[in-house]
Amino acid sequence: MSMADQDPTTTRRYFYSIKDISIGGRCRCNGHADVCDILDPEDPYHRICRCQHNTCGHNCEVCCPGYEQKAWRQSQSNKPFSCEPCNCHGHADKCVYDPMVDEKRLSVDIQGNYEGGGVCQECRDNTEGINCHQ
């Protein structure tokens, strides 16, 4: 049967099957990583960000321990952000961010300014206070 002999009202249908599909995507590192090349040990299809700017987490979504002087935020090209260490005067290794301390400007940062809400934890050497300074 030639093309000229075919009924023009007949519709031809073709079916295809997909044997394998792979979907790629970009990592969501909140502006704190250039690459995400670390394999997630719990999910072989997921990559973990190689965090910078003293950030931690699979997606660089928190400040690393000891770098919580200021509240974490995304880093953007026009407004870069890097987590800063707390100023514990060498008397503590841990700190937490407290928004009330930040609002009242009670914590001293490593530049000597009252900026941020880092509160030192477990002060040593008979010291106490927000910055282990007393």
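Author: The following account takes the loop between strand 4 and strand 5 as its subject. The model is a predicted one.

A brief view of the whole chain comes first. The protein chain holds 1 helix and 6 strands, and from the N terminus the elements follow the order β-β-β-β-β-α-β. Of its 134 residues, 26% are buried.

The loop in question runs between strand 4 (62-63) and strand 5 (94-97), and Q69 is placed in it. Q69 counts as buried because its relative accessibility is 0%, the cut-off being under 20%. Its side chain forms a polar contact of 3.1 Å with the side chain of S107. Beyond residues up to four places away in sequence, Q69 touches a series of others, among them E84, P85, C86, Y97, S107, V108, E115 and G118.

Apart from neighbours within four places in sequence, the contacts of C86 are G66, E68, Q69, C95, I110 and G118. C86 and V108 are separated by 22 residues in sequence, and their C-alpha atoms are 8.2 Å apart. C86 also belongs to the largest nonpolar core, whose 6 residues are C86, C88, A92, C95, C120 and C132.

Charged residues complete the picture. Side chains of opposite charge can pair when their charged atoms come close. K70 and E84 form a salt bridge with an N to O distance of 3.2 Å. Both K70 and E84 lie in the loop between strand 4 and strand 5, so their pairing ties together parts that are 14 residues apart in sequence. E84 counts as buried because its relative accessibility is 17%. Together with E115, K70 and E84 are linked in a network of salt bridges.

A further salt bridge, of 3.1 Å from N to O, joins the side chains of R124 and D93. D93 lies in the loop between strand 4 and strand 5 and R124 in the segment after strand 6 (118-121), so this pair ties together parts 31 residues apart in sequence. D93 counts as exposed because its relative accessibility is 61%, while R124, at 34%, counts as partly exposed.

Conventions:
Residues are numbered from 1 along each chain as its sequence is written. This is a predicted model: local features need pLDDT of at least 70, side-chain atom pairs count only at pLDDT 80 or more; totals for chains, interfaces and linings use all residues. Side-chain values use heavy atoms; hydrogens and water are left out. A nonpolar core is a set of buried Ala, Val, Leu, Ile, Met, Phe, Trp, Tyr and Cys residues joined through side-chain atoms within 4.5 Å. Buried means under 20% relative accessible area, exposed over 50%, partly exposed in between (1.4 Å probe, protein chains only). Helices (H or I, at least four residues) and strands (E, at least two) are DSSP runs, numbered from the N terminus. A polar contact is a pair of N or O atoms within 3.5 Å; within protein, one must be able to donate a hydrogen and the other to accept it, and residues adjacent in sequence count only if both atoms are side-chain atoms. Contact means heavy atoms within 4.5 Å. A salt bridge is a side-chain nitrogen of Lys or Arg within 4 Å of a carboxyl oxygen of Asp or Glu.
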